[in-house]
Amino acid sequence: MYINHKIYSDDINSVANENLQWEKLSGKNLLLTGASGLVGTVLVDVLMKKNRAENLNVKIFAAGRNEKIANERFADYLGDKNFEFLKLDVNAPIEIDFPVDFIIHAASNTHPLLYSTDPVGTMMTNILGTYNLLEFGLQKKIERFVFVSSVEIYGKALDEDDLFDEKYCGYIDCNTLRAGYPEAKRAAEALCQSYISRHNLNIVIPRLSRIYGATMRLNDSKAMSEFIMNGVRGEDIVLKSKGVPRFSYCCATDCVSGILFCLLKGKCGEAYNVADSSEILSLREIAEYISSLAGKKVVFELPSETQAKGFSKAVNAIMPNEKLRGLGWTPKDDTRSGVKKTVEILRAIVSKERLT
């Protein structure tokens, strides 16, 4: 699903115009795992915009397991000298014979249905996959490794009013299927710290809040994604709980901006929350907002047993972003404006697909 929409293009231009030391990437090779995912796609679009508009000349090796999806997502870049798709399974030892200067590891199962139906793959991509990439980075003598982590590492708040700053550590019941994702992210972060200490590898860790955006998979099972698709299709918003939890969110373009600030300005060994810190809405408030955009209503429905296994048990998960702001980063969208843009873009895409 290649996105050709003015709102999306304007947001890509905005990220590409951030005041960053882009010259650090000039003439370099960057390996990006999870390239055709929600976040990876935006990263590719931003860097290719810099290549084409300003001759940045950073070559992107976009790694993934599904070449068909990659060809659809990156149709505009196929044949470009600064773009190459790599069919790669990070859970196997990585053997690449060309130089690599930067690695961004963004590959992971990131929605609840996969947590419950592919729990082993969820864990191993974060643990074994990260190990393989760290070893590969050592071999290539890379300049920097970015491990894309998650709000999930904070676990469940010990007190519902707690804020998840970068030093917070909440409760995770490790004897559950759902624990596989947050525990794997925690283990991968610890592995990164081990490589910093033992091998002096230059690593930085952006911790993503709940991310949404026009590049999401249309079958994504995260609550926000399902709400957005209800709105896109003009359906009632289906809420599978009381909708009380309040989470930090970030739209994908602001998220990618945050990752790039970490890559080019972050301090080795540090983690940075990537989250919008403006109005924090409950799930129900988000559902009601999206339903108002669609002229529909919110209805309540019990989740299936498989869906429920993948749901987060967090009551609130609010992430302050002062540390990342200290690098000069500022999100451009709050939840309402970001969601409205996403619905508008996806509605245009879905309408076009129906016509063809």
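This report covers helix packing, salt bridges and a surface patch in a predicted model.

## Basis

The model is predicted: local features need pLDDT of at least 70, side-chain atom pairs count only at pLDDT 80 or more, and totals for chains, interfaces and linings use all residues. Residues are numbered from 1 along each chain as its sequence is written, and side-chain values use heavy atoms, with hydrogens and water left out.

## Helix packing

Helices are DSSP runs (H or I, at least four residues) and strands likewise (E, at least two), numbered from the N terminus. Axes are lines fitted to C-alpha atoms, for helices over the stretch in contact; angles run from 0 to 180 degrees between N-to-C directions.

Helix α5 (residues 119-140) packs on α6 (residues 180-199) at about 15°, axes 7 Å apart. That makes the two roughly parallel (angles under 35 degrees; over 145 is roughly antiparallel, 65 to 115 roughly perpendicular, the rest oblique). Their crossing is right-handed (the near helix is turned clockwise from the far one, by less than a right angle; anticlockwise is left-handed). Helix α1 (residues 6-16) and helix α8 (residues 252-265) also pack at about 15°, with axes 10 Å apart. They too are roughly parallel, and their crossing is right-handed.

## Salt bridges

The whole structure holds 16 salt bridges (a side-chain nitrogen of Lys or Arg within 4 Å of a carboxyl oxygen of Asp or Glu). D76 pairs with R52, closest N and O atoms 2.8 Å apart. D76 sits in the loop between α3 (67-73) and β3 (83-87), R52 in helix α2 (residues 38-54); they are 24 residues apart. D76 is partly exposed at 36% relative accessibility, R52 at 43% (buried is under 20% relative accessible area, exposed over 50%, partly exposed in between; 1.4 Å probe, protein chains only).

E152 and R178 come within 2.7 Å, N to O. Both lie in the loop between β6 (149-150) and α6, so the bridge ties together parts 26 residues apart in sequence. E288 bridges to R284 at 3.2 Å. They are 4 residues apart in helix α9 (residues 283-294), so about one helical turn separates them. Shared partners join D11, D333 and K341 into one network.

## Surface patch

V120, M123 and M124 form a nonpolar surface patch of about 240 Å² accessible area together. Patch members have over 30% relative accessible area and no salt bridge; nonpolar side chains (Val, Leu, Ile, Met, Phe, Trp, Tyr) are joined within 5 Å, like charges within 9 Å. Areas come from the Shrake-Rupley method with a 1.4 Å probe; for residues, only the protein chains shown count as cover. M124 lies in α5 and is partly exposed at 32%.
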